[in-house]
Amino acid sequence: MTITNKSKAVLNILWILAAAAFYWTSIPYSEARTFDPIGPHVFPQIMSGVIILCSLGNLLVIYRHSKTGTDTPETFHPGDALRMLLVLVVSGLYIWLMPAAGYLVATIFLIFLLIAVQGEVGLRVNILVSCGFALVLYLLFSKVLHILLPHGFLEFI
Amino acid sequence: MEFLQNIALGSSVVFTFKGLASIIAGVVAGTIGGAIPGINATMTMAILLPFTWGMDPTAAILMYVGIYCGGQYGGSIPSVLIGTPGTPSSAATVMDGYPLHLQGKTGLALGMSLYASVFGGIVSSVALMIFAIPLAKVALAFGPPEYFALALLGLTLVASLSTDVFKGLIAAALGLLLATIGLDPFAGIVRFGFGSEHLIEGFEIIPFYMGIFALSQVLYIIFKKIRREVVEYRITSKYPSTLDFIRCLPSMLMGSAIGMFVGAMPGAGASIACWLGYNEAKRWSRHPEEFGKGALEGVAAPEATNNAVTGGAMVPLLSLGIPGSGSTAVMLGVLIIHGLRPGPMLFVTNPEIPYSIFVSLFVSNVIMIFVALMLIKLLIKVVNIPETIMNACILAIIFVGAYSVNNSMFDIFTVLLFGVLGLIMKIYDYPITATALGFVLGYLVETNFRRSLTLSKGDWSVFMTNPISMVIIILSILSVAYAVYCNHFRRKRGAAE
């Protein structure tokens, strides 16, 4: 898989859309009562303008490059991208699981799945590391730093 | 007299059990972080942010000074032992450090990198005291237009020094835009809150930094499948002698001066400075032909340079409250979450903070000698932990650490959001440091911008009628214009080739 000029152009269009959304959202703020002469909407609008202008500049450069054929795509392995996406999915699952299952169970699952997704480590080492490190983190945050971690269904701990 | 009294005050904070323990913990953590390829001092700082939550501000900042120093040195260990720099700032050390290791002179290379790092760090701590205090005194007279202009210059320099000025400006403006989310400081309305109670105060600094610096880097390591070699360590030669040290002294002095100067410039950083130090040492050497083949000066110069950057980078942070690099931006974040704002007023209201930083920068470098000599075998064992396990454990620390800030799942979501944003920016070569600087400076930039216009009753020429702000704004415009010109010239030459 490659990072081409087309994907770079898509990213710049996304910047423009995001900045335009910020600009649009800030318009009603001009009606807020404030003692400064410019109000709360001007600064975000200037920043949105900078992003839009620079993204247009980038698009122009990309367009000229595609005409001269100087596109030098960067390559990456699809397997690694998939692995990275799985890591993100597991991280999303963690957010969903932690309130219900509690810190300890959710973190053991998180570390176990993260190691399993990346591969190259045996099951026994994986179980040992995920249980051991989750416990170390629990003791560190809960007992040393006195952070209240969610217990979930293990409320008796 | 007042200076000595303040140094004594700073020393009284540093030379306590808590102060020294914080520095030692920081140096050890920084050295480990720096020694692991793919992880740098900034990422180590971001990962450890939640641990500072329960610490008092001085202990937290002392630990961060230790991490900063240790991180710069730690990068040299894999540079010498496996020929892969642990951090970008140790890239130049590979040139002669690795050939020395292959020649069986590992101890000589590692020893010289340690001594040069300590030398550069100590020189920069002295220079920090010399430059930061007078600059802070000058900055006391600054008003809102000057502060706005200074923060703008810092951001435009970081943007201009990135590979593409448009990308740099987008990254910086994005950071400033993200900083506007939450309660408006003048009107009291919530901007871009989208009805979420979590966004009333805007995004928290800790999850933001953990996402953009730490999570994005772990995801990038997985995405790019960055693999580390196993580091083998055995002393195969003696450590450098006094004669070796004296022979390398001119290179170290030159490196220290370059590191101090480049470090004080926003956006330049240790990764550029180390190559400048290396090239100058080669240019002035009596035996330039030995460089690249195992010259001891080729290890001493870049290592003195990258550690001298620490003191230089702290000059604008402490005296003006404006960070110029990712690491100092995180340090600014540490001070902000503890209710402190670096800048000239800090020298007046909390002199124990800047003066303890001066003393701790000196002490961290001295402690680094003992940490490196005593713990090197242990450090290498940690460095050799397989990357799959290391990545999973770092991710767990990041998520639990983010949760611990407010006991809120929203902070983990924030980490994920900015982690993905940082990853996309890394893949497409956008400077995330500019976004981080924009985010942390956003409040300062906007409030001083609006205060200036309030003072001038809405007259926008206030920035150009004030001589200091006018000069600084012209410098900002010139830095962007020069970068645009250079980019255009580079593209034209690339197309011609």
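**View 1. Where chain A meets chain B.** In this predicted model, 60 residues of chain A are in contact with 50 residues of chain B (contact means that C-beta atoms, placed from the backbone, lie within 7 Å). Five helices of chain A, α1 (5–26), α2 (42–68), α3 (78–101), α4 (103–118) and α5 (123–144), each supply at least two residues of the side touching chain B. The largest share, twelve residues, comes from α2(A). Helices here are DSSP runs of H or I with at least four residues, and strands are runs of E with at least two, numbered from the N terminus. Residues are numbered from 1 along each chain as written, chains are lettered from A in the order written. Because the model is predicted, local features need pLDDT of at least 70 and side-chain atom pairs 80 or more, while totals for chains, interfaces and linings use all residues.

**View 2. Helix α2 of chain B.** Let's check its length: at 1.5 Å a residue (times one less than the number of residues), the 19 residues 17–35 should span 27 Å, and the end C-alpha atoms are 27 Å apart, which agrees. Of these 19 residues, 14 are buried (20 or more other C-beta atoms within 10 Å of a residue's own, C-beta atoms being placed from the backbone).

**View 3. The largest nonpolar core.** This core (buried Ala, Val, Leu, Ile, Met, Phe, Trp, Tyr and Cys residues joined through C-beta atoms within 7 Å) has 215 residues. Helix α7 (residues 106–139) of chain B gives the most, 18 residues. Met210(B), among the residues with the most contacts inside the core, touches residues including Ala46(B), Leu215(B) and Val415(B).

How values were computed:
Contact = placed C-beta atoms within 7 Å. Buried ≥ 20, exposed ≤ 12 C-beta atoms within 10 Å, placed from the backbone. Lists of a residue's contacts leave out its neighbours within four places in sequence.
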